[in-house]
Amino acid sequence: MQPRNMSMSGVVDLAAVKAAADAKAKAEQARAEAARQGGGASGPSAGAVPPSALVIDVDEAAFDSTVIRLSDQVPVVLDFWAEWCEPCKQLGPLLERLTVEANGRLVLAKIDVDANQMLMQQFGVQGIPAVFAVVAGQVLPLFQGAAPEQEIRATLAQLVQVAEERFGLLGLQVDPAAEGAQAPAAAAAAGPAPGPYDALLEAAVVALDAGDLAGAVQAYKNVLVDDPGNTEAKLGLAQAELLSRVQHMDPQAVRAAAAEKPKDPQAQIAAADLDLVGGHVEDAFGRLVDTVRVTFGEDRDAVRLRLLELFEVIGADDPRVSAARTALARVLF
C-alpha cells in the first residue's frame, strides 16, 4: 500500500475554517487554570504526565471523552491498525517513538479496527494503516499506508507547528519521573476536579425554570470563568443560549426563509436551532452539514461554529454527535 496525502496541505484548510482565536483562548484558560491549581507545588510539576502516557488505546465508547477533550490541549494522532496488518506492525512502533520524542507536543491514540468497526466507518477508512489527527476537536486526514520515517517526521512537525501557531496548543507537560501520574486519557475522561460551584449551578437552574434565560446564561458563564472545563456549566450554557435564540422566533417565517434560501447561512442556522429545540436532532445537524458543503469563507465558518455549539447542547457522548462530526470532517476536508 502506497502512502498518500503526505503533504499536510489539508492543515491549511483546517486552520482556515477553525476559529483559531477561540481555540487559543481556551488553551490559555486551561494553562492558567493548571498554573493556578499547581502553583506552589514542589517536586514534579503539577499535572505532568510520564512519557508512557503519551500513547493510549482508544475505543468507540471513550473516543469523545478522551480524544476530543485531549485535542483541546494537544494534537492527537489517530493510528487505525489491526493485529493481522503487516504494515501496521512497522508503522505503529515508529509513530510511538516519534510521539515520545515530541515530548508532550503530540499524543498517539491507537484504534484497533477489528474491535472498533463503527469508528472505522465514521472516519471512512478504506485501508490500514490509516492515520488521522484531531486538533481542537477537528479531524484532519494525514496519510494511509506505510511511509518513510523522514516523511512522517516532517508531517508530524507540521502538525505540531499548526497546532501551536494557529490554535495555541502547547501540549502536555512531560516528566520522566512521573510514571505513577495519571495518564492523559484517564485525566481527560475524569474531567477537571469539582469546584465550589453548586450554588451558581443551582441559580442557573432556578433562572431557567423561571424563564430568566439571560440570568441562566450569566450564571453558567460565571462558573466557566473559573472552571472552563466544567461539563455541567458548558452543557447548561449551550442549552440556555439556544433557548434564548429561539424564544422570539416566528417558526413559520423561519422555516419559509430556510426553504426559499437553501444557501443562506443565517436562514439555515435559525432553522437548525428550531429543529433542535423541537427534538429533530439529526435534521438540525444534517441541515448545517449540508450548508457547510455549499458555503465558503466567513459564511462557512459561521455555520460550522453553530454546529459545534449544537453538539454541546446534545453532549459529546451522543452517537448522533459522533456521526455528525464525521460528516462535517468529510465536507471540510
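**View 1. Lining of the largest cavity.** Sixteen residues, written 16 in the count used here, line the largest cavity, and Ile68, Val139, Ser322, Arg325 and Thr326 are those nearest its centre. The model is predicted, with local features requiring pLDDT of at least 70 and side-chain atom pairs counted only at pLDDT 80 or more, while totals for chains, interfaces and linings use all residues. Residues are numbered from 1 along each chain as its sequence is written, and side-chain values use heavy atoms, with hydrogens and water left out. Two or more lining residues come from each of helix H3 (63-70), helix H5 (117-122), E5, helix H14 (297-314) and helix H15 (319-332), and H15 gives the largest share, five residues. Here helices (H or I, at least four residues) and strands (E, at least two) are DSSP runs, numbered from the N terminus. A cavity is a set of points, on a 1 Å grid over the protein atoms alone, where a 1.4 Å probe fits but cannot get out, and lining residues have an atom within 4 Å of a point.

**View 2. Volume and composition of the cavity.** By this rule there is one cavity of 30 Å³ or more, and the largest cavity holds about 140 Å³ of space, where grid points are joined across faces, edges and corners and a volume is the space filled by probe spheres set on the points. Its lining comprises nine nonpolar, five polar and two charged residues; Ala, Val, Leu, Ile, Met, Phe, Trp, Tyr, Cys and Pro count as nonpolar, Asp, Glu, Lys and Arg as charged, and the others, Gly among them, as polar.

View 3. Five strands in the order E1-E3-E2-E4-E5 form an open sheet with mixed pairing, two strands being paired if DSSP finds at least two bridges between them. Strand E1 (55-57) and E5 are the edge strands, each pairing on one side only, and neighbouring strands are turned against each other by 25 degrees on average, direction ignored. Helix H6 (residues 149-167) packs on this sheet and touches E2, E4 and E5, its direction making about 165 degrees with that of E5. Contact means heavy atoms within 4.5 Å; axes are lines fitted to C-alpha atoms, for helices over the stretch in contact, and angles run from 0 to 180 degrees between N-to-C directions.

**View 4. Strand E4 and its partners.** Strand E2 (residues 76-81) runs antiparallel to E4 and is joined to it by five bridges, with Val76 standing opposite Val134 in E4. On the E5 side, strand E4 (residues 130-135) pairs in the antiparallel sense over six bridges, in which Phe132 has Pro141 as its bridge partner and Val135 has Gln138. In a regular strand the side chains alternate between the two faces of the sheet. Both faces of E4 are covered, with Ala130, Phe132 and Val134 buried on one side and Val131, Ala133 and Val135 buried on the other; buried means under 20% relative accessible area, exposed over 50%, and partly exposed in between (1.4 Å probe, protein chains only). Strand E5 (residues 138-144) has six of its seven residues buried, so it is largely enclosed by the rest of the structure.

View 5. E4 and E5 form a hairpin with two residues between them, and Ala136 in the turn has a positive phi of about 50 degrees; Ala136 counts as buried at 10% relative accessibility. Asn103, in the loop between helix H4 (86-101) and strand E3 (107-112), likewise has a positive phi, of about 55 degrees, although it is not a glycine. The peptide bond from Ile128 to Pro129 is cis, with omega near 0 degrees, and Pro129 is found in the loop between H5 and E4.

Methods:
On a 1 Å grid over the protein atoms alone, a cavity is a set of points where a 1.4 Å probe fits but cannot get out, and a pocket is an open set with protein on both sides within 12 Å along at least five of seven lines; lining residues have an atom within 4 Å of a point.
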